[in-house]
Amino acid sequence: MRLKLLLCTAITSLSCWVHADEPGRYDDGARWAFITDKSTPKVAVIDTFQHQHVDTLKMQTIPTMMEVSDVQDMLIYIDGKTPQVYIYDLVEKTHWSMAVESIPYSIAVAPDGARVAVALKDKITMIAPLQKQQLETIPNLAQPYSLNFDTGGYNLYITEQDSGRTHIWRIHDAALKTLQLGSGGPVSEVTLSPDARLVLVGDLTKNSVSIWDLFMEQPFANISLQSKPWRPYVSSDSEHMILAADNGQGLVVNTWTGQTVKSVDFKDKTSEIRTGWLESIGVVATETGLNVFNLTNNEPAIRFPLSASLGDVVVVSDSKTLFATQGDSSQLLVVDLRKERLLPSLETGLAAPNLIAMGLTNTICH
């Protein structure tokens with residue numbers, strides 16, 4: 001009987017292993033990158049473990065924004081033209097769409113993947129894409145520009161672009177409260193620290209970064225920069241904020257003390273901010289180079305010259321490797337952040353790769 005039980009267990013384990021590695025099953029959000037094309041509805045599937053193009057999917061329309069729902073194994077996207085939210089089931093390989101009241105211009109997937117916030121002109125509509133149902137509506141908003149769920153999925157942060165007014169909508173009871181981020185003028189998208197303690201925004205009028213402490217319910221710091229700030233970034237361990245100005249000024253700030261621990265001059269116009277390799281490495285892309293630097297020591301940044309401007313940038317969830325679309329090249333830029341060196345470019349099979357969507361990554365500013 002014991003031998004029979006062991007044999008059944010072995011067969012079950014083998015079956016599960018084969019099923020998990022079945023071609024065309026893209027239900028590991030930390031492994032697969034989905035690359036959109038600028039002019040066609042094609043999406044290239046990249047294996048970020050093996051560094052190779054493994055498949056090309058065809059969407060119902062050309063995505064202008066695309067997110068991965070890890071738990072529900074779906075691609076969710078919008079096209080900026082039609083009042084629809086489009087869904088592709090990565091396991092069943094089926095398409096469907098859900099009509100919404102007007103053309104959506106932003107989406108955010110909750111950590112449980114069960115609901116998606118859809119930003120319309122003056123409201124947020126919550127949908128359950130797997131059940132194909134519309135849920136709650138949050139009305140009377142003015143340009144709900146930036147959508148962010150906190151890590152636990154308990155709250156949705158909704159920031160109005162022209163004023164910095166940020167509404168915190170509590171999921172379980174629909175309670176709503178409002179913060180004022182910035183000086184009352186235009187702001188960048190909001191960044192949440194992964195520990196849900198700090199909320200940051202670039203104040204585009206005052207050339208500063210405004211930081212609010214959600215635990216203490218009061219301002220934490222306001223950090224001036226030399227020129228217009230980019231959307232601030234927080235490392236996945238919540239230890240450091242990486243700030244960058246339009247003119248190439250960079251700062252690394254301790255999230256607990258608010259003190260600057262490192263200043264960097266990238267001598268070029270900033271375009272992207274990321275972190276990687278166990279959150280010890282900062283990455284700031286400029287128009288002509290990719291700068292990789294240690295967050296806390298005095299070593300100078302290593303600069304990789306770029307022949308084309310970067311498009312979308314991700315660092316995979318193990319924090320070891322950066323992938324980026326670049327100009328109108330069909331290839332992805334690949335950087336090993338552990339060894340701080342360029343790797344061979346990765347062919348996507350697309351004419352003009354555009355957006356990169358992944359599941360469990362530190363791509364999104366938290």
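Predicted model: local features only at pLDDT ≥ 70, side-chain atom pairs only at ≥ 80, totals over all residues.
Residues are numbered from 1 along each chain as its sequence is written, and side-chain values use heavy atoms, with hydrogens and water left out.

Back to Thr325. The residue sits in strand S29, residues 321-326. Strands here are DSSP runs of E, at least two residues, and helices are runs of H or I, at least four, numbered from the N terminus. Leaving out residues up to four places away in sequence, Thr325 touches Ile35, Ser309, Leu310, Gly311, Asp312, Leu332, Pro353, Asn354 and Ile356; contact means heavy atoms within 4.5 Å. For Asn354 there is also a distance: the Thr325 side chain reaches its backbone oxygen at 3.0 Å.

Now the charged pairs. Side chains of opposite charge can pair when their charged atoms come close. How many salt bridges does a search of the whole structure find? The search gives 11, where a salt bridge is a side-chain nitrogen of Lys or Arg within 4 Å of a carboxyl oxygen of Asp or Glu. I will go through three of them.

Asp47 pairs with Arg31, with the closest N and O atoms 2.6 Å apart. This pair links distant parts of the chain, 16 residues apart: Asp47 belongs to strand S2 (42-47), and Arg31 to the loop between helix H1 (2-20) and strand S1 (32-37). Are Asp47 and Arg31 buried or exposed? Both are buried.

Next, Glu101 forms a salt bridge with Lys123, closest N and O atoms 3.2 Å apart. Glu101 lies in the loop between strands S7 (94-99) and S8 (106-109), Lys123 in the loop between S9 (116-119) and S10 (124-128), 22 residues apart. Glu101 is exposed, at 63% relative accessible area, whereas Lys123 is buried, at 17%.

Last, Lys269 and Asp246 meet at 2.8 Å, N to O, in a salt bridge. Here 23 residues separate the two: Lys269 is in the loop between strands S23 (260-265) and S24 (270-276), Asp246 in the loop between S21 (240-244) and S22 (249-254). Lys269 is partly exposed at 33%, and Asp246 is partly exposed at 24%.

Technical notes:
Polar contact = N/O pair within 3.5 Å; in protein donor to acceptor, adjacent residues only side chain to side chain. Buried < 20%, exposed > 50% of the residue type's maximum accessible area, 1.4 Å probe, protein only.
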